Amino acid sequence: MPLTLFGAAFTLATAYALGNILLRHRPAPPEIRLGLGAAVESLLVFLLLLCHLAHWGVFLALGIVSIGAAWRFRPALIPPTTAPADPIRILRPAWIVFAAYGTWYLVNALAPETLADGITYHLGLPNEYLRLGG
């Protein structure tokens, strides 16, 4: 399970880093940076599969290089010209509902796949692509 959580966190960090690289000179919220980075990461994985270069080491190198480049080429902090907006306040009962749903979602996400469609198509084909390198 720790390896699964590392893979998820590393994939998200890579996507966020790619988004930060692409939008380093533009003001954009973190959600937009993550979404754009995820699209670029997906394209890079597709190109690696297309060139038969898909291997764990290549994916790890892609992430390390992306995160390092995002850290190295981060924009300088510019002081805001206007006052920041007030943060959104979330009530305690809403946090309780979010925490319960988040726990339920995490447990189900980490559970093994049991449906034939998920085993053969959603997990089987990517596993075969990775085994073959493309």
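The axes of helix 1 (residues 2–22) and helix 3 (residues 56–72) approach within 8 Å and cross at roughly 45°. Helices here are DSSP runs (H or I, at least four residues) numbered from the N terminus, and axes are lines fitted to C-alpha atoms over the stretch in contact, with angles from 0 to 180 degrees between N-to-C directions. This is a predicted model, where local features need pLDDT of at least 70 and side-chain atom pairs count only at pLDDT 80 or more, while totals for chains, interfaces and linings use all residues. Residues are numbered from 1 along each chain as its sequence is written, and side-chain values use heavy atoms, leaving out hydrogens and water.

Helix 1 and helix 3 are therefore oblique to each other (under 35 degrees counts as roughly parallel, over 145 as roughly antiparallel, 65 to 115 as roughly perpendicular, the rest as oblique). In their contact (heavy atoms within 4.5 Å), residues including Phe10, Ala13 and Ala17 of helix 1 meet residues including Phe59, Gly63 and Ile67 of helix 3. The residues of this contact divide into 11 nonpolar, 4 polar and no charged (Ala, Val, Leu, Ile, Met, Phe, Trp, Tyr, Cys and Pro are nonpolar; Asp, Glu, Lys and Arg charged; the others, Gly among them, polar).

Now follow helix 1 to helix 2 (30–50). The axes of helix 1 and helix 2 come within 6 Å and cross at roughly 105°, which makes helix 1 roughly perpendicular to helix 2. This contact has 11 nonpolar, 5 polar and 2 charged residues. On the helix 1 side are Thr11, Tyr16 and Leu22, among others, and on the helix 2 side Arg33, Glu41 and Leu44 are included.

Of its 21 lining residues, Gly7, Thr11, Trp56, Phe59 and Leu130 are the closest to its centre. Helix 1 gives the largest share of the lining, 7 residues.

Technical notes. Helices (H or I, at least four residues) and strands (E, at least two) are DSSP runs, numbered from the N terminus. On a 1 Å grid over the protein atoms alone, a cavity is a set of points where a 1.4 Å probe fits but cannot get out, and a pocket is an open set with protein on both sides within 12 Å along at least five of seven lines; lining residues have an atom within 4 Å of a point.
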